[in-house]
Amino acid sequence: MIEVKNLTKKYGNNIAVDNLSFTIDKGKIYGFLGPNGAGKSTTMNMITGYIAATEGEVAINGFDIIRESKKAKACIGYLPEIPPLYQDMTVNEYLNFAAELKGIKKAERSKSVAEAEETMRISDVSGRLIKNLSKGYKQRVGLAQAIIGLPEILILDEPTAGLDPKQIIEIRDLIKELGEKHTIIMSSHILSEVSAVCDHIMIISKGRLAASDTAENLTKMMQPEVRLDITVRTDTKTAEEILAQVENVSEYSVVESQEQGASDAEVKYKPEFDLRDEIFRAFTEKGCSIIKMNMAEVSLEDVFLELTEGDAALYGSEGEYMQPETAEEFDEDYKKSDREKVSVESETSEQFKDGFADESDAGSETVSGTDEETYKEEDDDGNI
């Protein structure tokens, strides 16, 4: 569905994305994970055609994002990190504007907007000015514009950035629901969000793909041995003697525990063996009671830190990683790169905005016959 080949983006001597290649299959939620400045947003912008790659190709459903941009972009719904909202429009006006830019026929526009509002659960604020909504609702409006026209692919750049815990949970649940009908790529540096939502994880480090797999397989890859942490009611010498007799233990260490009359043992063995029962029996047969036995597992956080180790970064205007020697050159290089940006293609967009401005000026005092002051009441998040 999405094929990225040897994608590279350079700003002068700085390499923001370095020879990146991967494939996105249909029907999954992909997490694009990396530290701030790793190249996530730059990659997203190249996939959507917002900026051109220095080298490499991006194909959306077989359409090249640069040479066949209209066909490729028709397959994509995009939510940038900062949602592109017009604050003085109502939710409904803005979504109709987005539908117009996407080329949805006028006869189908109202239905498409209504479906997007219902899916994002914003129908109740359809007539409110966007500037009067909470950040959580603004993010929902941004998601609604992304799904208008039911694109096959949704690309979401840091969709929960800046939200409070309640809003994060709400957006996370909405993304899971969208994953039932769309293929989703979600970039984030928040590990809990990626592990909670995504089927497949890609970790990017310094513009390169460091790993690509399920969360389960990534943790297995980073944990060649299982580790048991045990607290047992016996002295250290006895604990060592017992563990020495257990087969398939590859390594162990025993120290005196803070628990009086007990020892703490760390035991390692290969994942193909489950030695918990055997170790338990070995101690109990010698009259030693086990107070605690925990299996230490590698978390996604451990995997992330291991794969991105040494990513201490210096950031420029776009927030991407660069070596210190190129940092001073970056801002000037970035300005030069503006000419490579690919604008949103719409023959009617400028005329529509002009026409819309005339209409909205005439009716700016009221929204659907209701004074604007009505909309300064608190929403569900307690914000005006």
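These are my notes from looking through one predicted protein model.

**Confidence**

I began with pLDDT. The protein chain averages 79, and 77% of the residues reach at least 70. I then looked at the elements. Helix α3 (residues 91-101) has the highest mean, 95. Strand β15 (residues 314-315) has the lowest, 34. Over residues 312-382 I found pLDDT staying under 50. The model still has 106 contacts beyond four places in sequence for that stretch.

**Thr231**

Next I picked one residue. Thr231 belongs to strand β11, which spans residues 226-232. Is Thr231 buried or exposed? I count Thr231 as buried because its relative accessible area is 7%, and the cut-off for buried is under 20%. I listed what Thr231 touches, leaving out residues up to four places away in sequence: Ser257, Ala262, Ser263, Asp264, Ile290, Ile291 and Lys292. With Asp264 there is also a side-chain polar contact, at 2.8 Å.

**Helix α10**

Then I turned to α10, residues 276-285. Which of its residues are buried? I found Ile279, Ala282 and Phe283. They lie on the same side of α10, because their arc around the axis is only 90°.

I checked what covers the buried residues of α10. The cover includes β11, α9 (236-244), β13 (263-269) and β14 (290-296). On the face turned away from the buried side, I noted the exposed residues Asp277 and Glu285. Last, I looked just past the end of α10. There Gly287 takes a positive phi of about 75°.

Technical notes: Residues numbered from 1 in each chain as written. Predicted model: local features only at pLDDT ≥ 70, side-chain atom pairs only at ≥ 80, totals over all residues. Heavy atoms only, no water. pLDDT = per-residue confidence, 0-100. Helix = DSSP H or I, 4+ residues; strand = E, 2+ residues; numbered from the N terminus. Contact = heavy atoms within 4.5 Å. Buried < 20%, exposed > 50% of the residue type's maximum accessible area, 1.4 Å probe, protein only. Polar contact = N/O pair within 3.5 Å; in protein donor to acceptor, adjacent residues only side chain to side chain. Arc of directions from axis to C-beta.
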